[in-house]
Amino acid sequence: MLRRILLAASASPRLRQLITGAPATRAIVDSYVAGETAPDAVRVTRALRAAGLLVSLDYLGEDTKDQAQATAVTDQYVQLLGELGAGGLTRAGAAEVSVKPTAVGLFLGTGTAAGNIVRICAAAAEAGTTVTLDAEEYAAIEPTLQIAAKLRAEHPDLGCVVQACLRRAEADCRALAGHGVRVRLCKGAYSEPEAVAFTARRDVDRSYARCLRVLMNGSGYPMLATHDPRLIQISGSLAHLTGRAPDSFEYQMLYGIRPAEQRRLANTGARMRVYVPYGGDWYAYLVRRLAERPANLAFFLRSLGSRG
Ligand SMILES: Cc1cc2nc3c(=O)[nH]c(=O)nc-3n(C[C@H](O)[C@H](O)[C@H](O)COP(=O)(O)OP(=O)(O)OC[C@H]3O[C@@H](n4cnc5c(N)ncnc54)[C@H](O)[C@@H]3O)c2cc1C
């Protein structure tokens, strides 16, 4: 309930001011975000690679309102991919990028977003790595999947994301798993209405487990994005049951969340990728992390109370 209220209220300028100005905010941002610049992102990527972890980098920002901004975000990705490639970090897809379609102009027209995503895919191919299109709010889901399906003719390794909280998730997994696609499965970080989404945690978890079964039995490359110990255990059992080789799927977690578990999984020989956000536009990302972790929210609210 608290999660839904916080996500719904996050568009309010007053709440934005309160959160961005709170003393505890910087510490929480620093624990979830790699830094503001591409060199920060490259430095963190190098450290994670040294620990045997794979990386997906996200340049923070979403819901871009004009073409110039969409182009600027695209330029950031192209530049980052060049730097990662030059530093030998993209070999065999070790570091890739995650892109929010609304950040590169999805709501300015699918042509704008598709053109920008093509530029990012070309830079990724040049660097020897891949791109994954994040899943965002419900209005962005269908256009994102359509762009991904179209661009896959030229870039077959373009990945996409299924949010298990959506009622359509299992059907999407079936369609994608049959086509050998790279699919990230997550629970879903947005607040969606009952008509299109499961809202009880238990139902979301059950949907995740059903989707997991579909993807692990399919011919694609499942990317299992969760910190949930139970779902990670089920993933391991399914990999065993379906006879999947360790390099035919991967686990994914967010930078700063359960780092010991990330290293543990990598040490078992599993492919473990860390999603690393960087950039100055961290507000929406931070709110989603606060909303899904009551302990963080409590810490944050206490710091508001102790202000001044
Ligand atoms: C690699 C990756 C990519 C993602 N991409 C997308 C995307 O494209 N679209 C989208 O909608 N969502 C995305 N998400 C977010 C996802 O949908 C969930 O909101 C988020 O991962 C929390 O769900 P969970 O599966 O970890 O389960 P939960 O039940 O939320 O958490 C399980 C356990 O993980 C730990 N944990 C979870 N969140 C936090 C936190 N913020 N701080 C500290 N500990 C925490 C706690 O121990 C918790 O008990 C992504 C997540 C990951 C890991």
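Over how many bridges do strand E5 and strand E6 pair in the parallel sense? Strand E5 (residues 182-186) and strand E6 (residues 221-225) pair over four bridges. This is a predicted model, where local features need pLDDT of at least 70, side-chain atom pairs count only at pLDDT 80 or more, and totals for chains, interfaces and linings use all residues. Residues are numbered from 1 along each chain as its sequence is written, and side-chain values use heavy atoms, leaving out hydrogens and water.

**Barrel**
- Eight strands form a closed barrel, E1-E2-E3-E4-E5-E6-E7-E8, with parallel pairing (strands pair if DSSP finds at least two bridges between them).
- From one strand to the next, the twist averages 30 degrees.
- Arg 184 has Met 223 in E6 as its bridge partner.
- Strands (E, at least two residues) and helices (H or I, at least four) are DSSP runs, numbered from the N terminus.

**Helix H9**
- Helix H9 (residues 201-217) has 17 residues.
- H9 reaches 24 Å from its first C-alpha to its last, close to the 24 Å expected at 1.5 Å a residue (1.5 Å times one less than the number of residues).
- Buried residues in H9 include Val 204, Tyr 208 and Leu 212 (buried means under 20% relative accessible area, with a 1.4 Å probe and protein chains only).
- Their cover includes helix H8 (169-177), E5, E6 and helix H10 (229-242).

**Asn 296**
- Asn 296 lies in helix H13 (residues 294-305).
- Asn 296 counts as buried because its relative accessibility is 17%.
- Beyond neighbours within four places in sequence, Asn 296 is in contact with Ile 28, Tyr 32, Arg 289 and Leu 290 (contact means heavy atoms within 4.5 Å).

Note on methods: Axes are lines fitted to C-alpha atoms, for helices over the stretch in contact, and angles run from 0 to 180 degrees between N-to-C directions. Buried means under 20% relative accessible area, exposed over 50%, partly exposed in between (1.4 Å probe, protein chains only).
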